[in-house]
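Hi everyone, thanks for coming. I'll walk you through one structure today, so please have a look at it first, and then I'll take it piece by piece.

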Amino acid sequence: MRIIIKAKRGLANLDFKEIWRYRELFYFLAWRDIKLRYKQTVFGIGWAILQPFVTMVVFTVIFGRLAKVPSDNIPYPIFVYAGLLLWNIFSASLNNASQSLVSSANIIQKVYLPRIILPAASIVVSLIDFVFATLVFGGIMVYYHFMPNFEGLILLPLLILITIFVSLGLGCFFAAFNVKYRDVRYALPFFIQLLIFVTPVIYPASIVPTAYRWILALNPMTGVIETFKAGIFGTVPIDWMTLGISAGVSIVFLILGLSYFLKTEKTFADIL
Amino acid sequence: MPNPIIKVNNLSKCYRIGVQGDRWRYKTLRETIMDGITAPIRNFAKLQNLTKFGTSDDEKDVIWALKDVSFEVNEGEVLGIIGNNGVGKSTLLKILSRITEPTEGFAELRGSVSSLLEIGVGFHPELTGRENIFLNGAILGMRKREIEERFDDIVAFAEIEKFINTPIKRYSSGMWVRLAFAIAAHLETEILLVDEVLAYGDIAFQKKCLGKMGDIAKGGRTVLFISHNMEAIRNLCKRAIWLDKGRIVKRGAVDEVVRDYRDNQIKRFAGSSYIVERNLEDVNNKSFYFSHVEMLNTAGEHTNIFRYNERLVLLVDLVGYPATRAYNVEFRIHNELEQFVSIGSSAFHGLLLNKNTKRLRIEIGPLILTSGRYTISLSAVDSVTGIRYDDWVRCGAFDIVECSPFGFGHEIPTNREGVCVLQQSFRQVE
């Protein structure tokens, strides 16, 4: 094994072999995050079920009943929950990833590891949450005697993949950006909270006037969530174009995010 | 010469450090408001510059932590790296660990590397000892299988069998340190970069760690070892390099380098109490007293730091007229435990001092004393009646900094090993 150390110019390459060698560490970091979440709690993993459930109830009461937001003739709880399912992967991943470097500063400064592992591992937790949230979703559908459309379930892995691409891309970007400009910690959560309103989670895209639909389409999560709802509910045909845009944008985000991350990686230990 | 396993070539690293900005001064309200508004712009520029370095070499806030460092290490060698704090030792190891990048130069390592810059990296207080062993081991680069294989050894070394399933936030600091070191001690890569990780724990544990380091050193692995413990450096390393202000000042056989480093330390830190004026309040009514004493070595240089077997010179000034025709001057030496170590007197040498004596030169040595701090007190005594004309207690202090008289690196300090070390020899006989 031969390691050459010298000042690198320009873009660092993504060394897949090295990342594969460090796969166990990736696993351990994800395992650590999961373990830590529920240490010394009574309900433990039960909270993973409770949280999306309660959000759904609150949204149903406020948006479904009081504001009477239309929901394409689907019971509102199911409607909003379907949107939240994928949305939560995105928002939790992005928040965790953006803080992953700063919170692991002591590791970065004392040991070598391919830094990309840190934001990547922080995304795993939200995927685990997703699994539990899906169980709750199943329970809700049973309660409402609702039969999901097969198409939605088939497309789900693809939709999750697109969500991961977006989260990883933006997560790596903000993680790296946060190292130098710590404003991210304050701006990002706030920005994500606003973003949910520009995504058809709480409302169907149909209530947005056609002239402005394109704004929604720019948001890659729009295509993902719209497609999932269309696929599961079967009320509206799947808009393949929006999905295509989402997929394309997610790949772009991934490439740009990784590039920025790799470019700034060499300075992390110096300015954390 | 076989291909060296570590090759370092002109490695340099610069950093931007924070410099004290405009001194705070009273600002007008207008100035304060304007400063507040333009702050984001200034902050942004400052942050941007964190990673940019201009070409002008004399930017005030840019320092070269390492400059043109080059050396080679052969397989199986243990190289010591010594120097004061802040000279670049840790930076060098950080670069070789790939944690940070060099600004110039390059290095080549031909083997698997693990670095020990700090123990317990990644430890989380909420996780149990067992969980932290896996986490920390993985962070240090061990495979899961390797951790499982070494798990029992690690726990045994750390002596925490009973507490392995308790969250480490409940551990005492000693247990914490033992666990952290135990994990690190079981790394088995070809190259090991170690930064001062022996300074933890109680004496018994430190001895254990040193022993383990010794095993590693003898086991044929290549080690770069930073330490302030000259004892450890001399025991573990055959060669050493001495860094100062980012450059290599000396390299070579470990004893030579350590000796030069020690000499340099002595010169820099010797106290200024080798020229002492008598406090006149002490003297008030005396017609005859010691006024001034200077401490030197045999080369005539002022110092109060000596090594075992060296000689000490006192120059003593006397003022006034003694009310006697003949008197003696005595010195007494006490060690840091206030034990009376030794006495000397002009009387022992048949020298009688009278009113014409204004200055005395007293040479004391060879100083066969254990290392530590000593004080000297002077007195002037009537040679017939024994009346004391003057006592100047603790007029001077000196240190014996190195007492390893027989060349095997064994330091003999005062507080446990007696007042002096007599010449001695050991030999096996049939």
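Chain A as a whole has a mean pLDDT of 87, with 99% of its residues at 70 or more. Why care? Where pLDDT is low, the predicted coordinates should not be read in detail.

Some housekeeping. This is a predicted model, and local features need pLDDT of at least 70, side-chain atom pairs count only at pLDDT 80 or more, while totals for chains, interfaces and linings use all residues. Residues are numbered from 1 along each chain as its sequence is written, and chains are lettered from A and ligands numbered from 1 in the order in which they are written. When I say helix (H or I, at least four residues) or strand (E, at least two), I mean a DSSP run, numbered from the N terminus.

Okay, how do the chains meet? The contact takes 28 residues from chain A and 40 residues from chain B; two residues are in contact if their C-beta atoms, placed from the backbone, lie within 7 Å. On the chain A side, the elements that give two or more residues are β1 (3-6), α2 (23-37), α5 (105-110) and α12 (268-271). Which of them gives the most? That's α2(A), with six residues. By type, the chain A side splits into 14 nonpolar, three polar and eleven charged residues. Here Ala, Val, Leu, Ile, Met, Phe, Trp, Tyr, Cys and Pro count as nonpolar, Asp, Glu, Lys and Arg as charged, and the others, Gly among them, as polar.

Let's zoom in on the crossing point. β1(A) is joined to strand β4 (residues 104-109) of chain B by four bridges. Ile3(A) stands opposite Leu109(B), and Ile5(A) has Ala107(B) as its bridge partner. On chain B's own side, strand β1 (residues 6-16) pairs with β4(B) over five bridges, and Lys7(B) partners Glu108(B). In a regular strand, by the way, the side chains alternate between the two faces of the sheet.

Next, chain B has another open sheet, in the order β10-β11-β13-β16, also antiparallel. β10 and β16 (359-364) are at its edges with a single partner strand each, so one side of each has no neighbour in the sheet.

What about the inside? The largest nonpolar core has 145 residues, and among those with the most contacts inside it are Ile117(A) and Phe225(B). A core is a set of buried Ala, Val, Leu, Ile, Met, Phe, Trp, Tyr and Cys residues joined through C-beta atoms within 7 Å. Buried means 20 or more other C-beta atoms within 10 Å of a residue's own, exposed means 12 or fewer, and partly exposed is in between, with C-beta atoms placed from the backbone. Helix α4 (residues 76-103) of chain A gives the most to this core, with 15 residues.

Most residues other than glycine have a negative phi, and most peptide bonds are trans. Lys245(B), though, has a positive phi near 50°, and sits in the loop between β8 (239-244) and β9 (247-253).

Conventions:
Pairing = 2+ DSSP bridges. pLDDT = per-residue confidence, 0-100.
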